[in-house]
Amino acid sequence: MNRKLRTSKLSVPEATVDEITSTIKRSNLFNVIVEGRDDIVAFRVLERKLHLAGYQNVSLISAGGRPKLLDIYRNLVDDPSLARCAFVCDKDLWVFSGVPEEFDCAELIKTDGYSIENDLLRDYPPQQFMNAAELLEFS
């Protein structure tokens with residue numbers, strides 16, 4: 001009998017808005033806060049390039065979704081730690097409605113189009129985002 005074992009990914013609990021906000025306030029690193037775990041994959045290239053250029057003090061943080069990212073931004077808007085942050089979010093429906101004034105600021109980087117994935121696929125070949133094992137698997 002040839003059976004495949006099913007494995008499930010262990011789910012890691014997401015940090016709360018308050019936990020992420022507190023971490024950023026205590027951090028000496030430059031923090032790049034992205035919407036979700038999948039977005040971190042898209043930022044792998046940026047992280048590699050920053051590390052190769054000698055920027056070791058950069059931290060990528062997954063907010064756990066756009067609403068949480070925007071709440072973290074709101075929590076830090078009057079805090080000095082905001083100067084060490086860049087928030088990256090998808091424009092989503094703001095493509096049609098426009099960016100609300102509250103979020104029209106330099107610290108909140110919005111995609112050019114609907115999503116970061118669309119922007120990156122438009123500008124970069126997908127192979128740049130793969131590690132060695134992924135390149136072998138998908139070649």
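Modeller: Gladly! Buried means under 20% relative accessible area. Keep in mind that this is a predicted model.

Biologist: Why is Asp 92 called buried?

Modeller: Its relative accessible area is 17%, and the cut-off is under 20%, so Asp 92 counts as buried. Asp 92 sits in the loop between strand 3 and helix 5 (94-97). Asp 92 also has a positive phi of about 45°, although it is not a glycine.

Biologist: Which residues are buried in helix 1?

Modeller: In helix 1 (residues 17-26), they are Val 17, Ile 20, Thr 21 and Ile 24.

Biologist: How do you know that they are on the same side of helix 1?

Modeller: They cover an arc of only 100° around the axis, so they share one side of helix 1. In an α-helix there are 3.6 residues a turn, so residues three or four places apart point the same way. Asp 18 and Arg 26 are exposed on the other side of helix 1.

Biologist: What do the buried residues of helix 1 pack against?

Modeller: Their partners are strand 1 (30-34), strand 2 (58-62), helix 4 (66-76) and strand 3 (85-89).

Biologist: What makes up the largest nonpolar core?

Modeller: That core has 18 residues, and those with the most contacts inside it are Ile 24, Ile 33, Leu 69, Ile 72 and Phe 87. Helix 1, helix 4 and strand 3 each give two or more residues to this core. Helix 4 gives the most, with five residues.

Key: Residues numbered from 1 in each chain as written. Predicted model: local features only at pLDDT ≥ 70, side-chain atom pairs only at ≥ 80, totals over all residues. Heavy atoms only, no water. Buried < 20%, exposed > 50% of the residue type's maximum accessible area, 1.4 Å probe, protein only. Helix = DSSP H or I, 4+ residues; strand = E, 2+ residues; numbered from the N terminus. Arc of directions from axis to C-beta. Contact = heavy atoms within 4.5 Å. Core = buried A, V, L, I, M, F, W, Y, C linked by side-chain atoms within 4.5 Å.
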